[in-house]
Amino acid sequence: MTRPSVVARLALCGLATSALLSGCVGAKEAGDAADPSANADAKDVTLVVSANDVKGGKNAAEAAWIEDEVIPAFVAQQKAKGVTAKVTFNGAGVEDEQYKTKLELNLRTGSGSDVFAADGIWLGELAAAGYVKPLDDVVGDAAKDWDGWDQISEAVQANLSFKDQRYGIPNGTDGRVLYVNKTLFAKAGLPADWQPTSWDEVLDAARALKKLDGVTPLQVNAGVPMGEATTAQGFLPLLAGTGAPLYDEAKGTWQGATPGVTDVLDFYRQVYGEGLGDPRMQQDKAGRDQSFAEFAQNKIGILAEGDYFWRSVICPSEEDCGATSMKNRDEVVGWAKIPAKQPGTGVGGQDFVSVSGGAGWMLSPKTKYPQQAWELMALMSSKEMQEKLSEAQIRVSARADVNAETLENDPLLSFISEQVLPITTYRPSDEAYNEVSLAIQQATADVVSGKSPQEAAATYAKSLTEAVGAEHVAGG
Amino acid sequence: MPSTSPAAERDVAGLGRARALGFVAPALVVIGVFLVFPAVWTLYLGLLDYSLTGAGAQAPTFVGLGNYTEALGDPAFTRSLGLTLVYVGGSAVLGQNVLGFALAWRLRGAGKVVRSGLTVLVLLAWILPGSVVAFLWQALLDRRGGTLNALLGTTDQAWVLDHPMWVIVVFNIWRGTAFSMLLYTAALSSVPRSHLEVARMSGASGWQQLRDVVLPTVRRHVLTNTLLITLWTFNDFSPYLLTGGGPNGASEILPVYVYREAIIGGHLGYGSAISLLLLLANLVIAVFYLRVLRGRTEAT
């Protein structure tokens, strides 16, 4: 007589258990239509806020703003209504990719925060996974009728909208420019009010800077370790300068190995192949921090970065910006708009281009207190609170009324607000964006490490096809 | 056939089937929950196009062996597998093994001070937390102000970028040699002194003593040690802290590849499939060593 062996029986048990549990993966409570009125009259409210900010570390000013301004104000506001509110701030100070992963895992399990900070480009993925829901569904009328929407432009609202529905309140926006070191420019015989009108003029200036000893002429973000910075402040502004955006909303197609993509990769080849930029810095794990440090030490001539660089990396205050602070920033550092490939070849026939994004506040659809969570978000986005944040650290707020009062004192941010935001482009909030962005980073990494632009473009087109399907890829 | 029933004969402890089962049940439950179930679960996830975000998170579809065929056809995977073999072979099978044995052998005759001093140093590399060690190595290898560049007088030498595989292999030898050294120290003390003396009296050189007396005695220790460090190194993630898998994937060993695909890229299904391949590779290695071990045991 033969019995199944112990192993076989164990394996059978395991299989049976997993068959039972297999419904778990991806299963969502089908009918969990959020109830906006849940706990609306609660007398005791507990909320958790999270952001990639930490006191004494990354985005310290915003962390301090949440803990010292927003939370006390919210508690007082609720107390006036006879409600005892307890709000905890759950800060982090890590790379954005890591914060994003943690956030997704939290949302997936339904734990984590009620209100959280998120970058607008993550929205497509989060919404498609069902991790976040439109404000109209979670909050209802209170969100629809909020008076703050009038102060936030359509373009900025779109940062936190998906399929024409609002998912959160934008906190601010940004723009990308070329930063120049005026001291090095003077040494190389270049004008202080430099404004290139084509890629060639950028490269010419870099060639002039190359004659200086110990100077990296031009650094444009590339490579995988730089993450989204590669896509947002390197590849995409360049691509916008070739005439077509990465994603064609009307046709639903992404640019594959198009002439535009190949042109951009060829620009990278000229920068890093001719020794105008330092390819090592783009391959190093801590390359972006190195580029910050070298710019602050007057070792980089031209650097493509966002306004974050100006206000949080090279600000004159050593307390806020640490080792990369530049005491003489306002005298030494200049800026220029990013030119299209040739005058007039940019998207919409523009001469100059930029890419903007922006983070904001969203709420978890699984929050126990949707109304109170919304009130907290609305308070964070109120004129008073946004002004306090801009005072602590100047930035482009999402609110026009706040910008009107705070930006005039900062030359770069008023430049961005007046000259860059009108010509800027936004990244697609599509669920495939993250994957496409990874493919872009890999393509630039290939060029930096010596592959030809055509070869890199072909690999990129292949990854893109795998990510979005051949029917959504244009050109080739 | 013996006269007693086979069941009674097998039941040496006289517990009876039910009570015996009661005794092993807790262990079986723990094994089931923490070993069998996760393995089967990984197998199951590997059959889905399950992802961390997007539509693949809400309603993953069944793709059968799609993930596996994709992995085997992906040049990044095969390159990663190759790098893993180099890493394991270079740092564990050769590096840690040989260096650990050499240290244990040399230290036998050394004075007490030298021996304990060296042992502490080697052990220190092993017991320090990974993140601390990674930070120390970053400071050592840094391109601008690194200690190594300062010592060698080289400027602007980016060790991590120019020689990523060398860096992680040397790093892992440095980090893991302590275990082999400890194991071999214990093994060498089991070699009977009299055997060595007889060999010496018969005029055997140091090398001949090692080859003909010591190695046959510690052969099983060598195999056990190699098995353990091979498995550990195969699953080692700490190189990520040094090179991040870069530059451009040049040091992307399999655990890093899984991390990049599953966590950064969000392809949980694909990551599970690769993890299972990793598990299979581990099993093959383990079975291979155990076979050799058993063969050797029977031969002696």
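Which strand does β1(A) pair with over two bridges, and in which sense, parallel or antiparallel? Some notes on that and the rest follow.

1. Ground rules. This is a predicted model, where local features need pLDDT of at least 70, side-chain atom pairs count only at pLDDT 80 or more, and totals for chains, interfaces and linings use all residues. Residues are numbered from 1 along each chain as its sequence is written, while chains are lettered from A and ligands numbered from 1 in the order in which they are written.

2. The opening question. β1(A) pairs with strand β3 (residues 115-119) of chain A, in the parallel sense. Strands here are DSSP runs of E with at least two residues, helices are runs of H or I with at least four, and both are numbered from the N terminus. Pairing needs at least two bridges found by DSSP. V49(A) has V115(A) as its bridge partner in β3(A).

3. The other partner. Getting from β1(A) to β2(A), the chain passes through helix α2 (residues 60-80) of chain A in a right-handed β-α-β crossover. Right-handed means that, with the strands pointing away from the viewer, the path from the first strand over the helix to the second runs clockwise.

4. N52(A). Have a look at this one in the loop between β1 and α2 of chain A. N52(A) is buried, with 25 other C-beta atoms within 10 Å (buried means 20 or more such atoms, exposed 12 or fewer, partly exposed in between, with C-beta atoms placed from the backbone). Beyond residues up to four places away in sequence, N52(A) touches K58(A), N59(A), A92(A), V94(A), D96(A), Y99(A) and A117(A); contact means backbone-placed C-beta atoms within 7 Å. N90(A) is 38 residues away from N52(A) in sequence, with 8.8 Å between their C-alpha atoms.

5. Cores. A nonpolar core is a set of buried Ala, Val, Leu, Ile, Met, Phe, Trp, Tyr and Cys residues joined through C-beta atoms within 7 Å. The largest has 167 residues, and L47(A) and V115(A) are among those with the most contacts inside it. α21(A) gives the most to this core, nine residues. A second, separate core has ten residues, including V122(B) and L183(B). Back in chain A, V115(A) is in contact with L47(A), V49(A), W361(A) and M377(A), among others, once neighbours within four places in sequence are set aside.

6. Domains. Chain A is split into domain 1 (44-170 + 358-417) and domain 2 (176-356 + 429-474), with bounds from an automatic or database domain assignment. Their C-alpha centres are 29 Å apart. Domain 1 of chain A puts 19 residues into the contact and domain 2 of chain A puts in 14.

7. Chain interface. Contacts link 28 residues of chain A with 28 residues of chain B. On the chain A side, α1(A) has the largest share, six residues. That side divides into eleven nonpolar, nine polar and eight charged residues (Ala, Val, Leu, Ile, Met, Phe, Trp, Tyr, Cys and Pro count as nonpolar, Asp, Glu, Lys and Arg as charged, and the others, Gly among them, as polar).

Methods. Contact = placed C-beta atoms within 7 Å.
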